[in-house]
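Colleague: I would like to go through this model with you. I will ask what the labels rest on.

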Amino acid sequence: MTIEYATQIFAFIILTLMTLGGGLAVVTSRNLFHAALSLILSLAGAMGYYVLLDAGFLAVVQLLIYIGAISILILFSIMLTRGLMVPGQVQRNEQWWIAALVVFLTFVVMVVALWQTVWPIAGEEALRAPNVAIGQLGAALVGPYAIPFEVISVLLLVALVGAIVLAREVENHSASADVETGE
Amino acid sequence: MEALIHWLVMTFPPLSEGLARFIVYVLYSAVLAFVAPVIIVVAYTYMERKVLARIQDRIGPNRAGPLGILQGFADAIKMLTKEDVTPACADRVVFNLAPILATIAAILVFAVLPVAPGVIGADPQTGILYVVAVGALGEVAALMAGWSSNNKFALLGAFRAVAQLIAYEVPIVLSILVVVMAAGSMQMSAIVAAQDIPFALTLPVAFLIFLVASIAEIGRSPFDLLEAESEIVAGFHVEYSGMKFAFFFIGEYMHLFASAGIATTLFLGGWRGPFAGPDSLPGVLLGFIYFVIKTTAIIWVMMWVRGTLFRIRIDHLLDFAWKFLVPLGLILMVIVAVALKLPVAGSSGLRWIALLIANFVAALLMVIGVSALARHTRSAALREVAGAE
């Protein structure tokens, strides 16, 4: 028990350093690519927390979606921008004080919320119970939550189609008409 | 593993169970991280050279040691003594991190690989999903290597690599889904336990999709566009030399073994075979031997393909993934889902036959669909030509 506890504390410290250090590097790095990589580090730290909390499914999904999909997308898109070529990025623009205000207010709200919430504490037996989350999750998604689940998938489909429509090249109408008549 | 922990606690009484568990798992991780890569790389590079030489009517390595079996060690020493070159304007930190990450991504898969009865690093309920997720780290490593090298060929290679990996991840996930539906679990041990008949026999189409897509995922010929010498020099690791290149090399062979091991676990029944079982030490060892034999057989098929087929073009590569493998996987998934819910599904023999029929129906539908589509596009093109004249 003690060795388990010690490794958990050790892992928690490392993960916290990863998450906070990564987050700090995202906002302080002057290199856009380094900032994106630091974001991956930070997200990986968050994934580690899920593992520590015995939420294996959440951890794997975090890895799959945030690191596998979103980070790759971010890396790709910053490679297509010109900002990458400029070595020292300016890190703030004229709106910085609005951003700072919003950040501060969010922080206050979160602290108040954390302070006032009564956190239910699961007993020992809940920790010892076998982890059957995936089966329950799957049943819930096709049972009581079937309609929200489908609505979300329709939303994603709409976003996908919208993105394709936006990204498609605008055709010249007269030229396309010529092709159709077989000229 | 559990038996070993039990034995440790019995033999050395001052050890508590937690400590014994800790020691066993740390040792197992050390074996996976430090011993397995060396053995796998040396053994399978030698095998690859010999197999390719045989296919190409050559002798292959035969100087270092009897039959050239020490060739791998000679190569390793050469790698170690090479000069470590970093390009002038490279992004040093990222440049040095990329090969490490590439190797880690491959080694992480081994954590959930059931290599023998009861021997598995971790057996979470999300086992196979974890394998899919860890694959994403390899993409990040490729992008990091390509970008930080400050070389346009490396960057092009990285883009190709990521496009290919993303495209072929979809068919892999679809074929895994079919297996998960048939096994009723994502846990690796449960998938192995569900295979009284290996899934390769009852789900042959899914097996083929997985095999083809995992060859693409490892980036081996005929899908080795990421390192097409005639087009982009050597892909995303063109600027790497010495030990850093060796890391990519190790990562590639670890990935090869891991993919073949996953294919073995999903489709060939993993460690299962006559007299293999978790109860006795000979049973466990026998299970390990079965696992290695099956995995090596799959690797051999991959080498055979590499020695036989030529490289395909990048647009064909992406078309093949999106227009053939993905629709086939989707059709197969729907039909297998229906087959599993048939009333005969209760008795296991009929269930397997139903699955097999479902596979053939899916393959047939796909072939009919593709040929109809091809005929349609061809006649449309012909009409266009005729109209132009």
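Colleague: How many residues does the contact take from chain B and from chain A?

Modeller: The contact takes 23 residues from chain B and 20 residues from chain A. Two residues are in contact if their C-beta atoms, placed from the backbone, lie within 7 Å. This is a predicted model: local features need pLDDT of at least 70, side-chain atom pairs count only at pLDDT 80 or more, and totals for chains, interfaces and linings use all residues. Residues are numbered from 1 along each chain as its sequence is written, with chains lettered from A and ligands numbered from 1 in the order in which they are written.

Colleague: Which helix of chain B gives the most to the side that touches chain A?

Modeller: Helix 5 of chain B, with 11 residues. Helix 2 (17-55), helix 5 (127-148) and helix 14 (348-388) of chain B each supply at least two. Helices here are DSSP runs (H or I, at least four residues), numbered from the N terminus.

Colleague: How do the residues on that side of chain B divide?

Modeller: Into 17 nonpolar, four polar and two charged. Ala, Val, Leu, Ile, Met, Phe, Trp, Tyr, Cys and Pro count as nonpolar; Asp, Glu, Lys and Arg count as charged; the others, Gly among them, count as polar.

Colleague: Why are helix 6 and helix 13 of chain B called roughly parallel?

Modeller: Helix 6 (residues 152-183) and helix 13 (residues 314-340) of chain B pack at an angle of about 15 degrees, with their axes 9 Å apart. Angles under 35 degrees count as roughly parallel, over 145 as roughly antiparallel, 65 to 115 as roughly perpendicular and the rest as oblique. So helix 6 of chain B is roughly parallel to helix 13 of chain B. The residues of their contact divide into 23 nonpolar, three polar and one charged.

Colleague: What makes helix 2 and helix 12 of chain B oblique to each other?

Modeller: Helix 2 of chain B and helix 12 (residues 281-308) of chain B pack at an angle of about 45 degrees. The two are therefore oblique to each other. Among the residues making the contact are Tyr44(B) and Glu48(B) of helix 2, and Trp300(B) and Met303(B) of helix 12.

Colleague: How do you know that the span of helix 2 of chain A agrees with its number of residues?

Modeller: The expected span is 1.5 Å times one less than the number of residues. The 21 residues of helix 2 (residues 32-52) of chain A should therefore span 30 Å. The end C-alpha atoms are 31 Å apart, which agrees. Just after helix 2 of chain A, Asp54(A) takes a positive phi of about 65 degrees.

Note on methods:
Axes fitted to C-alpha atoms, helices over the stretch in contact; angles between N-to-C directions.
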